[in-house]
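User: I'd like a close look at one part of this model, with whatever surrounds it in the fold. Take your time and keep it chatty.

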Amino acid sequence: MTDTAKLFYTKEHEWIEQINDDYVRIGITEYAVEQLGDIVFVELPEVDTELSEEDEFSTVESVKSTSEIFAPVAGNISKVNSSLEDEPEQMNDSPYEEGWLIELQLKETVDTSKLLDEKAYQDYLTTL
C-alpha cells in the first residue's frame with residue numbers, strides 16, 4: 001500500500017510519488033476520483049512522449065464528466081499503466097496503487113516548493 005504521506009500533490013488533484021532520483025509515478029487523488037464518479041474510460045499517452053510541466057497527457061471519463069490530466073512536472077514518459085485501458089475502474093478502487101497513470105523520467109529534480117505535502121493538500125481540500 002502506498003504511503004500517501006510520502007506523496008506530493010497539486011491543487012488540480014494529481015499526486016506524485018518519487019520512485020527514485022530520476023523517476024516519478026503520477027496519478028489522480030482519491031478526492032478527484034470521488035468528484036468524477038465511476039470512471040469508465042482512461043485515455044493514456046504513448047511511452048516516450050516528452051512532457052513539459054502543465055502539458056495535458058491523459059483524459060479520464062466517468063459517468064458524470066470528462067477530465068483532462070496535466071503533468072505536474074516535466075519529463076519523458078517511461079511507462080503507462082496499460083491495465084487501465086481494460087480496467088479503468090482500478091482508479092476508483094485504488095487511486096494510489098493500481099490506479100496510477102504514468103511514470104516519468106525526470107528532466108530535472110522535482111521542485112517540491114511548487115507542490116503540496118499531504119497535510120497541505122488535506123488543508124487545501126477543506127477550502128473547497
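Does tyrosine 96 count as buried or exposed, and why?

Analyst: Bear in mind that this is a predicted model. Tyrosine 96 counts as buried because its relative accessibility is 12%, and the cut-off for buried is under 20%.

As for where it sits, tyrosine 96 is in the loop between α3 (90–93) and β9. A polar atom of its side chain lies 3.0 Å from the backbone nitrogen of glutamate 30. Looking along the chain instead, threonine 109 is 13 residues away from tyrosine 96, and their C-alpha atoms are separated by 22 Å.

Now for the strand at the end of that loop. β9 (residues 102–106) pairs with β8 (residues 75–80) in the antiparallel sense, over 5 bridges.

Lysine 107 forms one with glutamate 50, with the closest N and O atoms 2.8 Å apart. Lysine 107 is in the loop between β9 and α4 (118–125) while glutamate 50 is in strand β5, so the pair ties together parts that are 57 residues apart in sequence. Lysine 107 counts as partly exposed at 44% relative accessibility, whereas glutamate 50 reaches 54% and counts as exposed.

Lysine 114 has a salt bridge too, with glutamate 53, and here the closest N and O atoms are 3.6 Å apart. Lysine 114 sits in the loop between β9 and α4, and glutamate 53 in the loop between β5 and β6 (56–62), so this pair ties together parts 61 residues apart in sequence. With 55% relative accessibility, lysine 114 counts as exposed; glutamate 53, at 35%, is partly exposed.

Finally, on to helix α4. Lysine 119 forms a salt bridge with aspartate 123, the closest N and O atoms being 2.9 Å apart. The two are 4 residues apart in helix α4, so about one helical turn separates them. Lysine 119 is exposed at 58%, and aspartate 123 is partly exposed at 38%.

Note on methods. Residues numbered from 1 in each chain as written. Predicted model: local features only at pLDDT ≥ 70, side-chain atom pairs only at ≥ 80, totals over all residues. Heavy atoms only, no water. Pairing = 2+ DSSP bridges. Buried < 20%, exposed > 50% of the residue type's maximum accessible area, 1.4 Å probe, protein only. Polar contact = N/O pair within 3.5 Å; in protein donor to acceptor, adjacent residues only side chain to side chain. Salt bridge = Lys/Arg side-chain N within 4 Å of Asp/Glu carboxyl O.
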